Amino acid sequence: MIQLSGLSKTFGTQQVLKEIDLTVDKGEVVVILGPSGSGKTTMLRCINYLERPDAGEVRIGHLAVQGKHPSRRDIHQLRQRTAMVFQQYNLFKHRTALENVMEGLTVVQRIPRSEAREISARMLEKVGLGSKLDHYPGQLSGGQQQRVGIARALALNPEVILFDEPTSALDPELVGEVLEVIRRIAREGITMIVVTHEMGFARDVANRVVFMDGGIIVEEGQPEEIFQRPREERTRQFLQRIMPEPNYSI
Amino acid sequence: MSRRFDIQYVFEFIPKLLAYLNITLLIVGSSIVLGLLIGLIVALPRLYNTPVLKRLSQLYVSFFRGTPILIQLFLVYYGLPEVLGWIHIDVSRLAVLYFVIATYALNSGAFISEMIRASVAAVDRGQIEAAHSIGMSGYQTFTRVIAPQALGISIPLFGNLVIGNLKDTSLAFTLGVMEMTGRSQTLGTATQHFIETYIALSLIYFVISFGLEKGFQWMERYVNRFDGHRSEQMLRASWRRPLRAVPLLGKGGKSG
Ligand SMILES: Nc1ncnc2c1ncn2[C@@H]1O[C@H](COP(=O)(O)OP(=O)(O)OP(=O)(O)O)[C@@H](O)[C@H]1O
Ligand SMILES: [Mg+2]
């Protein structure tokens, strides 16, 4: 279980996160929606302390990490229990697909190379890249690179995978293959928090949808509730802007 | 008065000048090796953002980048014995060559520290965050993600630096060091065939620079072989082109 409580973050004079509380159960897929600048990325980055919150707590299982200056060890623990998939893939450019996936296993988890290689190859197989193990990121398409990014996250066997707009940098024709992979691993019961603008995906895959605006969680609920009967005016306006035609009539 | 131009002299001078190539190469080689050491030490406070040392290192770099190397040669040659004299170290009887090497080492050190800083800064922030996100420590991130890529970025910069250093050594003769340029002066005076000596000299510098340039291009391709696109570009690059300038600052890290 992941629990955020009172998470706050200010950049300069702008308070980007205002005492966010959010609980995500094991195996749950939570999709975060919200307009640009609402703090979605910042919240995600606070969960693994790539961004240090000014106040609040991130709790994963029994590990609770608090405030702006937790111990290095706590941050390390937190990062071992989480994994992130980035909008820009952020693969290590000087390493092959296989090496990208192995890196965390050998260097951080200190798993023997042969075993790490085996796990990594299996993960790449799973995202449909079994034939591209020895390709460098520069030799892969955007969709393939992002799938390597997903394999890298999966291999670490984290308690939660954080996705920050995993398909926003992709050419439209490559979005499908990446969403398909995410959909598949969601079905395996891996806990995920996904920031995305892909409404169809949110509707199909999410167990819960969270709508953020101005650094707060405006409302959350089952996808049908949020998409068909949003309680808040701000949610309604946002959905209208993103999906102008009323395609929720089924 | 100069004698009439005679191409024969060019061929005659080349081996005579080459006899002093070892001095030139000694200056280049030792000052670059020392410069790498100095550059690394000077770059550290800026990489780690250490308050006071950072200012000192900036001052050092600005000085050696902002003053002519000829002046630096004189300053080191006449100034260093004075300064070391205050702490009772007598270097006044040391051969000129050492002062020349010291100057070029200090000078290259300044440029090399800039090269290191710029190359590290050019490594994609996103990859550094990815390394942190999978739990790598700062040290692991540096040695496994930043350093290998910074190395690839720095090679063309380093190539320019070495070639620049080679050409700058021609000023060492102003302190009376007998390297190639110094030798060309005496040959010219003795035979009154100045133009021929300069042609011979240019040919030698050119061939060495050209060889270095090719060597560094090969090294850049080799180190960046993971980057298919870039190595292909390098292959197509004609030798007439100066070593490729690289963009110094990476994309901003934050996505979204
Ligand atoms: N490192 C930073 N320094 C200063 N301001 C920042 C920083 N990171 C984010 N911000 C600001 O915080 C606000 C929230 O940013 P954030 O990236 O979390 O929004 P977002 O919901 O992810 O938006 P988008 O949909 O565009 O990705 C924005 O106004 C942004 O300008
Ligand atoms: Mg964002």
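Reader: Which residue of chain B forms a salt bridge with R45(A)?

Author: This is a predicted model. The rule finds 2 salt bridges across the interface of chain B and chain A. In the one that involves R45(A), the closest N and O atoms are 2.7 Å apart, inside the 4 Å cut-off. The partner of R45(A) is E129(B).

Reader: How many residues on the side of chain B that touches chain A are polar by class?

Author: In total, 20 residues of chain B are in contact with 26 residues of chain A. By class, the side of chain B has 7 nonpolar and 4 charged residues, and its polar residues number 9.

Reader: What area is buried between chain B and chain A?

Author: The size of an interface is often given as the accessible area lost when the parts come together. Here carbon and sulfur atoms give 56% of that area. I134(B), R144(B) and F226(B) supply 29% of what chain B buries against chain A, more than any other three residues. The buried area between the two chains is about 2,200 Å².

Reader: How many helices are there in chain B?

Author: Chain B has 256 residues, and buried residues make up 43% of them. There are 0 strands in chain B, and the number of helices is 10.

Technical notes: Residues are numbered from 1 along each chain as its sequence is written. Chains are lettered from A and ligands numbered from 1 in the order in which they are written. This is a predicted model: local features need pLDDT of at least 70, side-chain atom pairs count only at pLDDT 80 or more; totals for chains, interfaces and linings use all residues. Side-chain values use heavy atoms; hydrogens and water are left out. Contact means heavy atoms within 4.5 Å. Buried area is the accessible area (1.4 Å probe) that two parts lose on being put together, summed over both. A salt bridge is a side-chain nitrogen of Lys or Arg within 4 Å of a carboxyl oxygen of Asp or Glu. Ala, Val, Leu, Ile, Met, Phe, Trp, Tyr, Cys and Pro count as nonpolar, Asp, Glu, Lys and Arg as charged, and the others, Gly among them, as polar. Helices (H or I, at least four residues) and strands (E, at least two) are DSSP runs, numbered from the N terminus. Buried means under 20% relative accessible area, exposed over 50%, partly exposed in between (1.4 Å probe, protein chains only).
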